[in-house]
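Hi everyone, thanks for making time.

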Amino acid sequence: MGFLIIKRVGLGIPTLIGVTLVLFITLRMLPGDPVSVLLAGAPATPQAEATLRQQFGLDQPIGLQYLNFIGHAAGLDLGLSYTTRQPVTTMIGQQILPTLELALAAAFVSAVLGMVLGSLSAIYRNRWPDAVIRVLSLLNTSMPSFWVGLLLIMMFSFTLKIFPATGSSGVQSLVLPAFTLGLSAAGTVTRLVRNSVIEVLGENFVTALHAKGLRPRVIVFKHVLRNAVIPTVTIVGLQLGALIAGAVIVEAVFARQGLGQMLVQAIAGKDYPVVQGVVLVIAVIYIVINIVVDVSYAVIDPRVRTVA
Amino acid sequence: MDSDSSASSRSALHYSAAHHARLPQLARAAFAAVAVLTALVLAACSGGGTSSSPPGNAGSAATSGGSATFAVDTPFVSFDPNVAAAAQDARVMRQIYDSLVALNADRQPVGWLAKSWKVSDDGKTYTFTLRDDVKFQDGSKFDAAAVCFNLNRIVDPKSASIYAVSLIGPYQSCRATNATTAVVKLKTAYAPFLYNLSSPFLGMVSPKSAKSMSLAAFALHPVGSGPFKFSSYTPNDRIVLVKNPDYDWAPSTAKHTGPAHLDKLTFQIIPDATVRIGSLRNGSVQAIGNVPENQAAVIKKDPTLSFYAQAQSGSPFQLNFNTSHAPLNDPAVRKAIREGMDVGSAVKALYFGVYQRAWGPLAPTTAGYDKSLENSFSYDPAAAKKALDDLGWKVGPNGIRQKDGKQLTLTYVEGAPNREKRQDIAQFMKDNLKAIGVNVNVVLQQSAPLQTTLQNGDYDIAGLSLVSVDPNVLYSLYSPEFIPKPGRSGFDFTHADDKQLSSEILKAQQESDPASRDKLYQQVQQQVVDQALSVGIYVPTYTVATSGITGLRFDAEGYPVLYDVSLTKS
């Protein structure tokens with residue numbers, strides 16, 4: 001297992017270099033210039049423009065800019081934001097926890113809802129509860145999250161006054177955003193669990209369990225689910241990355257702190273250091289999740305250990 | 001955040017999630033990172049900066065104490081007035097910093113931190129006599145040295161000031177002759193200087209605090225001499241201010257003296273307009289900015305809510321005609337195009353009466369505004385068609401006019417996201433002009449690529465509005481030195497290079513007599529309209545709705561002032 005982890009971490013490094021390189025070049029190939037955008041609100045003098053360009057290091061050749069970025073990033077220094085002039089590491093440090101909190105809570109919601117609904121769907125295959133659940137999960141996946149978020153706010157904040165509509169402190173303010181983000185992911189998990197459970201239900205050991213006289217519900221929740229859980233772990237793990245990105249929209253609707261809002265502002269303002277920093281951090285998280293998912297296979301299913 | 005882009009970012013996320021399981025890990029991670037980035041780029045559509053505002057009623061028996069929350073739509077960038085440039089930051093800075101002067105209802109400077117001032121005959125030397133009873137929030141004393149410190153900090157290249165540096169124009173030097181006398185020298189006469197000093201961007205920062213902190217630290221721990229002092233800041237969430245109990249130097253434009261009524265004032269960022277309105281109605285916030293126009297009527301009718309629409313001073317939203325190349329280098333064509341634009345109907349249909357129609361290059365709340373330009377031309381498609389016919393632009397077989405084998409096609413550039421429905425204006429004008437045989441290509445671009453298009457001059461029509469406390473905004477709009485060039489931005493989108501026009505603007509800039517200055521600016525406005533360089537569309541207006549508070553007013557630039565605000569007894 002140790003070898004497995006080392007191998008996966010080793011693969012992560014070229015991935016990160018690839019991501020930063022593509023990002024670095026793409027950002028600079030897109031039309032527009034950060035200094036012009038920054039000065040778009042003020043009639044600036046050529047000296048003011050030159051001063052900013054020099055301060056940001058934009059007067060250097062792009063190759064040198066990239067090497068500087070990588071060199072500093074290796075020392076955990078992601079540079080200064082063009083707009084706020086704050087260190088990007090500080091800015092990310094302040095915003096990453098609320099985003100991770102939201103993404104993890106949403107992943108939890110989607111995993112729990114997905115497992116329960118998926119199993120029920122499989123047990124009642126082709127009967128009315130299955131139909132209802134399948135329609136619901138399709139709806140969940142199809143509804144845009146900003147709309148779901150607004151509906152939840154209208155109902156639970158403005159009408160019933162159970163949860164606050166905005167803010168990023170405390171569990172109370174996490175409930176609605178986590179459900180908003182988790183619901184759409186839950187649809188995918190539900191379908192996946194349903195298929196896995198149905199597949200496992202057809203295996204011989206299940207027939208044997210039936211022959212032993214166990215009740216169907218016990219068979220599903222005690223024996224079948226454990227086998228169906230592997231694809232679920234994969235998809236929930238991979239969804240976590242997507243959920244971090246999806247947090248952008250949910251954070252805006254619920255006025256939450258987080259990387260999303262910061263990134264949206266930075267992209268609009270061509271704030272290269274912030275965009276680079278945030279995407280680098282998201283890429284690192286993604287790679288870590290992948291490693292964790294791979295390792296968790298080994299834990300859940302001993303057969304994987306020997307293959308690796 | 002608009003619905004279209006949110007939807008597309010979602011589909012991008014699902015696309016990536018669905019494909020992961022089958023890809024090898026390296027490709028998976030790389031693909032995911034790219035997908036995440038794509039999704040975020042697609043989602044990059046939050047509202048842009050906004051503008052300014054009008055009058056509120058002061059409560060006669062203001063209650064003291066309590067706290068209020070003002071919800072704004074855009075995250076803050078920096079609270080250092082010497083460096084910052086964003087309107088959303090100015091709304092907070094106005095509460096923390098005092099300026100040397102304030103502008104009264106007639107837009108004339110009155111004393112604030114400066115008691116009085118003298119301007120030399122050549123207009124180059126300003127001698128300010130300062131109040132001697134003012135303390136910054138860190139306890140240090142405000143004096144002439146502090147004034148000089150502020151001005152010198154603005155021009156210091158290390159500060160890399162974006163906006164304040166443009167407000168003090170030809171600033172040369174500042175000398176404190178004694179504790180209460182500051183002598184400021186300019187390189188050339190510059191009448192806007194005194195008016196600009198009223199701006200929150202020229203609010204006085206405490207030298208003691210600014211020196212003791214790095215630039216980055218001060219930007220998030222502002223210290224001024226204003227009625228509210230900084231308490232805490234949570235990025236992307238809120239800034240909390242508390243009452244400055246020592247405050248006793250409000251300008252005469254305020255409705256009361258002494259400390260502010262509120263004990264605590266919070267600015268909370270709530271990007272979504274529906275959530276802002278809901279939070280106002282359920283009492284979790286007391287004021288919201290940027291009320292959607294289509295909600296204004298409902299809010300105005302609600303007896304529990306107050307609605308404010310403060311027209312922004314400076315230059316309204318105008319469509320500028322690029323006069324540097326055919327076909328709009330011909331004033332007769334420009335006039336015909338203007339006659340074919342039904343501006344009045346467009347503004348009425350899109351802004352529900354909240355925004356007023358603009359007529360010239362200055363907004364009505366700006367000093368020197370020429371009211372005689374209102375209704376000085378009209379929408380007349382028949383006359384427009386005839387004028388184009390007479391100019392040799394005949395309708396071709398496809399319904400589009402042509403002359404010498406060239407079609408009458410105009411490129412109209414507009415920014416994305418759709419700030420203040422400007423994209424809808426573009427669509428409206430396209431349809432108007434199609435009806436008179438003019439083909440319009442509307443090109444929508446994000447702000448960064450748009451800057452490049454403008455710099456390259458690849459357009460016929462481009463819109464712009466600018467906030468400014470002084471009519472000198474016309475200098476940036478119609479002077480050849482501000483014509484955009486590759487690698488260099490500028491606001492003269494019309495490419496106007498007219499000696500008479502630019503010399504009048506320069507004369508006005510140096511004219512110290514307000515009446516003569518106004519006259520010069522009126523001539524400039526008339527010329528812009530006569531030559532049809534730009535077409536005024538609407539006056540950008542900062543809207544605020546409040547509940548449970550009274551006493552909100554707006555400064556000359558249209559930023560809300562919360563000093564007089566108090567909670568209403570319920």
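Let's start with one pair of residues: Arg238(B) sits opposite Gln268(B), which is in β10(B). Keep in mind that this whole thing is a predicted model.

So where does that pair belong? Strand β10 of chain B covers residues 264–269, and five bridges tie β10(B) to β9(B), with the two running antiparallel. Now look at the other partner of β9(B). Strand β8 of chain B, residues 228–234, is joined by six bridges to β9 of chain B, residues 238–243, and that pairing is antiparallel too. Here Ser232(B) faces Val240(B) in β9(B).

How many residues lie between β8(B) and β9(B) in their hairpin? Three, and one residue in the turn, Asn236(B), has a positive phi of about 60°.

If you're new to this, a quick reminder: strands in a sheet pair through backbone hydrogen bonds, and they can go parallel or antiparallel.

For a parallel case, stay in chain B and find strand β17, residues 409–416: eight bridges join β17(B) to β18(B), and those two run parallel.

Last stop, chain A. Its domain assignment gives domain 1 (15–79) and domain 2 (90–268), and the C-alpha centres of these two domains of chain A are 38 Å apart.

Definitions and conventions. Residues numbered from 1 in each chain as written. Chains lettered and ligands numbered in written order. Predicted model: local features only at pLDDT ≥ 70, side-chain atom pairs only at ≥ 80, totals over all residues. Pairing = 2+ DSSP bridges. Helix = DSSP H or I, 4+ residues; strand = E, 2+ residues; numbered from the N terminus. Domains from an automatic or database assignment.
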